[in-house]
Amino acid sequence: MLKKMTFAAALATATILSGAASAKTFVFCSEGSPEGFDPGLYTAGTTFDAAAHTVYNRLLEFKKGTTETEPGLAESYETSADGLEYTFKLRSGVKFQTTDYFTPTRDLNADDVIFSYDRQMNKDNPWNQYIAGGSWEYFAGMGFPDLIASIEKVDDMTVKFKLKRKEAPFLANVAMPFASIMSKEYADKLEAAGTKEKLNQQPLGTGPFQFVAYQQDAAIRYKANPDYWGGKQKIDDLVFAITTDAAVRYQKLQAGECHLMPYPNAADVQAMKSNPALTVQEQEGLNIAYVAFNTTQAPFDKVEVRKALSMAVNKQAIVDAVFQGAATPAKNPIPPTMWSYNDAVQDDTYDPEAAKKMLEDAGVKDLSMKVWAMPVARPYMLNARRAAELMQSDFAKVGVNVEIVSYEWAEYLERSKAKDRDGAVILGWTGDNGDPDNFLDTLLGCDAIGGNNRAQWCNKEFDDLVTKAKESSDQAERTKLYEQAQVIFKKEAPWITVDHSLSVVPMRKEVTGFVQSPLGDFAFDGVDLAE
Amino acid sequence: MVRFLLGRLAVLIPTFIGVSIIAFSFIRLLPGDPVALLSGERVMSPERHAIISAQLGFDRPIVVQYLDYIWGILRGDFGTSIVTKQPILESFFALFPATLELSICAILFAIILGIPAGIFAAIKRGSFFDQTIMGTALVGYSMPIFWWGLLLIILFSGILQWTPVSGRISLLYFFPPVTGFMLIDSLISGQAGAFKSAASHLILPTIVLGTIPLAVIARQTRSAMLEVLSEDYVRTARAKGLSPLRVIGVHALRNAMIPVITTIGLQVGVMLAGAILTETIFSWPGIGKWMVDSVFRRDYPVIQGGLLMIAAIIMVVNLIVDLLYGLINPRIRH
């Protein structure tokens with residue numbers, strides 16, 4: 001009897017669900033499974049696409065296609081004169097999603113904002129350890145534990161953040177996925193039911209799409225949130241079809257089994273462009289690939305040696321061989337799409353003869369060095385081994401003998417941090433929040449030595465400029481400071497800047513309204529399918 | 001028989017302990033720190049690293065970690081994934097039906113084609129037919145699964161558009177899993193076209209996963225048949241005037257099947273290994289794909305748990321194969 005009942009129930013559910021299948025469905029062939037659905041707990045873009053950009057909103061949002069922020073759940077904010085207090089005024093009438101697992105009884109208010117942050121910063125919050133072994137990696141990574149002094153509820157619709165020091169990138173950080181705003185009411189209900197872990201399995205927010213179901217490693221299903229404060233979406237259903245292999249994603253796109261795919265194989269892009277059923281969007285990615293010398297070790301402690309080696313590298317050849325043109329040679333440590341990019345900076349021109357002479361003048365003879373090649377493909381460097389081989393032959397032309405080394409990825413990241421590490425490391429970075437500070441200070445600041453500063457490079461003049469820019473809230477002033485910092489960087493050459501890759505997004509012709517994010521996110525609000 | 005069974009079960013215990021030690025220690029010998037991987041390029045401070053390692057219990061001596069792990073398994077607790085924080089057993093049982101369904105289809109495909117092909121090749125030994133079958137089998141056996149899968153996708157899904165590219169069922173159909181077997185669930189769902197969609201999604205992965213077992217079974221059947229056909233009792237049967245069909249089908253085949261069944265049993269291990277690649281190509285949400293993802297993430301508990309469960313399955317299948325011998329050949333009664 002019981003069996004029969006379950007069967008009947010399943011049948012009923014199935015019938016209801018299948019009703020929605022005939023509606024306008026957008027399918028995204030995503031590249032991997034999300035780690036979970038609580039964006040605070042994770043760092044992978046795949047997870048953010050699945051959880052943060054669909055289900056949730058933030059106080060501020062990145063304006064579509066840019067790295068500038070615009071009002072999100074906060075309709076406005078004020079900064080105190082000393083730059084230490086930010087007061088956010090919340091949008092009124094914002095509804096949380098109504099799903100089959102939760103029905104909200106109230107709109108968004110200050111309690112939700114405080115809950116969303118406090119659970120990450122306060123060890124005594126009952127939600128701080130709601131998942132065994134869970135940790136708030138991005139919250140820590142962006143320095144929030146040392147930055148935020150307190151978060152106060154001024155009234156039901158106003159929240160005040162007090163900071164311990166001035167920090168201009170704070171506003172951009174607030175728009176990042178980890179700062180997504182959750183429903184306190186939903187969390188309370190889960191806590192009362194003793195099922196806290198559901199927060200990471202059945203997300204519930206204010207975003208454009210609401211969660212329907214996750215079939216592990218196969219598909220994630222959403223439907224448009226009918227109560228979305230930004231208006232209901234034009235598509236009815238959104239499906240992430242998890243397809244890990246890029247060649248298979250391409251086949252699915254061609255067969256019409258999905259509408260849009262991320263991360264194509266570089267070798268397929270030409271064929272995609274000539275396929276009349278597809279369009280290919282290209283945009284410069286917010287990234288940089290670099291080769292970091294250890295500037296504390298001889299002979300790389302000498303500027304002339306670093307300059308000479310930088311001049312010895314044929315970057316265009318690397319871009320052609322590794323990216324088949326889908327990248328541009330880099331001259332600055334930040335990408336051209338980022339504000340404050342200094343286009344006046346002159347790159348070291350490729351000139352093996354001059355480089356050879358410079359090395360001789362610096363007294364460097366028969367130099368043997370290691371070049372580290374990453375074992376994995378990243379958006380900014382698809383094939384580090386190939387790039388290293390090209391550098392090896394470039395360096396051979398100036399009389400430098402290169403040994404290429406590589407380690408397992410985690411090992412590579414760990415070992416390359418060491419202060420007494422040898423040689424030069426190929427690595428890169430993709431921006432988190434679109435702020436130049438997230439490149440210049442994070443990767444080249446004196447504080448980052450032994451961490452992200454793989455060149456172990458500490459230049460007082462550069463560091464002062466970057467620190468000053470971080471504390472100023474005047475964008476024009478910050479721009480000037482960062483432009484100067486880039487000049488010093490180029491003069492000192494702690495890195496060989498290699499490339500900024502293009503982010504290539506193939507989609508079906510019928511897709512309209514998709515705007516690429518320079519931050520590399522895939523968000524589908526505003527997307528539609530032409531008939 | 002019961003004594004034999006108990007004896008075999010007793011052997012399983014030390015084997016299982018051995019596997020658990022190997023699974024536990026080998027993945028830790030791999031370079032790569034799962035805690036550091038949690039933050040990627042974004043560098044974790046040493047203090048934070050220490051806190052998280054302690055939370056996950058990685059700061060304890062490896063022997064303590066192992067004993068703790070075994071103690072958990074004895075209580076049915078395989079731990080939780082470092083990355084997804086889901087209990088291992090829950091994920092395993094959610095994903096295993098997908099692998100099982102694919103493996104059953106693949107092994108049936110291999111048996112249904114492989115045994116007749118082997119028999120015919122043996123009967124027509126040295127003929128053009130024999131050489132073609134054995135040549136094809138050799139090619140099938142040597143084919144890299146990954147390449148073979150992509151080739152079939154490009155031809156049948158891309159150019160001819162006969163079959164879907166990947167997944168278990170068209171995304172138009174959605175129903176809660178009842179058995180976890182898509183063919184059965186799609187029938188239960190009652191949605192028009194769902195079963196057809198599920199079946200068409202199975203075709204290419206079945207062929208890809210079944211190719212190596214098919215080649216092995218065909219070759220094994222051929223050689224076993226050849227051996228049996230030259231036996232005296234087969235000659236006697238022929239001399240008695242029995243029909244060729246009866247000689248081959250009853251007298252020869254029954255004995256020839258013993259090594260073939262052993263081979264089929266051994267293919268279960270090959271199958272699970274092949275599933276890792278097949279599932280990755282066809283985005284098939286089974287345990288193979290789950291394990292591959294976990295290796296890249298250094299998700300120790302998932303790799304350990306998955307290996308142990310797979311080892312257990314292989315051991316049980318081998319036990320069943322041993323028991324089957326008795327049924328096929330009454331002379332082997334343990």
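## The span 302-328 of chain B

In this predicted model, residues 302-328 of chain B are 100% helix and 0% strand, and the end C-alpha atoms of this span lie 39 Å apart. Helices here are DSSP runs of H or I with at least four residues, strands are runs of E with at least two, and both are numbered from the N terminus. UniProt, in an unreviewed entry, lists 302-328 among the stretches of chain B with the feature "transmembrane region", the others being 6-27, 92-121, 141-160, 198-218 and 256-282; such annotations may be inferred rather than shown by experiment, and their positions are given in the numbering used here, with feature names shortened. For residues 141-160 of chain B, the chain is 85% helix and 0% strand, with end C-alpha atoms 25 Å apart.

Helix α13 of chain B runs over residues 300-328, and its 29 residues should span 42 Å at 1.5 Å a residue, which agrees with the 42 Å between its end C-alpha atoms, because the expected span is 1.5 Å times one less than the number of residues. Among the buried residues of α13(B) are B:Y300, B:P301, B:G305, B:G306, B:L308 and B:A311, where buried means that 20 or more other C-beta atoms lie within 10 Å of the residue's own, exposed means 12 or fewer, and partly exposed lies in between, with C-beta atoms placed from the backbone. The buried residues of α13(B) pack against α1 (2-29), α2 (34-37), α5, α11 (244-281) and α12 (287-297) of chain B.

## Chain B as a whole

Chain B has 13 helices and zero strands, and its C-alpha atoms fill a box of roughly 85 × 55 × 40 Å along the principal axes. Of the 334 residues in chain B, 40% are buried. Among contacts in chain B with a separation of 6 or more, 72% join residues 24 or more positions apart, a contact being two residues whose C-beta atoms, placed from the backbone, lie within 7 Å.

## Two helix pairs

Helix α5 (residues 88-123) and helix α9 (residues 194-229) of chain B pack at an angle of about 35°, with axes 6 Å apart; axes are lines fitted to C-alpha atoms, for helices over the stretch in contact, and angles run from 0 to 180 degrees between N-to-C directions. The crossing of α5(B) and α9(B) is right-handed, a term used when the near helix is turned clockwise from the far one by less than a right angle, whereas anticlockwise gives a left-handed crossing. Residues of this contact divide into 24 nonpolar, seven polar and two charged, with Ala, Val, Leu, Ile, Met, Phe, Trp, Tyr, Cys and Pro counted as nonpolar, Asp, Glu, Lys and Arg as charged, and the others, Gly among them, as polar.

Helix α7 (residues 145-159) of chain B packs with α11(B) at an angle of about 35°, with axes 9 Å apart, and this crossing is right-handed. B:I145, B:F146, B:G149 and B:L150 of α7(B) meet B:G274, B:L277, B:T278 and B:I281 of α11(B); the residues of this contact are five nonpolar, three polar and no charged.

## Where chains A and B meet

Between the chains, 52 residues of chain A are in contact with 53 residues of chain B. On the side of chain A that touches chain B, α1(A) gives the most, with eight residues, and the residues of that side divide into 23 nonpolar, 18 polar and eleven charged.

## Numbering and confidence

Residues are numbered from 1 along each chain as its sequence is written, while chains are lettered from A and ligands numbered from 1 in the order in which they are written. In this predicted model, local features need pLDDT of at least 70 and side-chain atom pairs count only at pLDDT 80 or more, whereas totals for chains, interfaces and linings use all residues.
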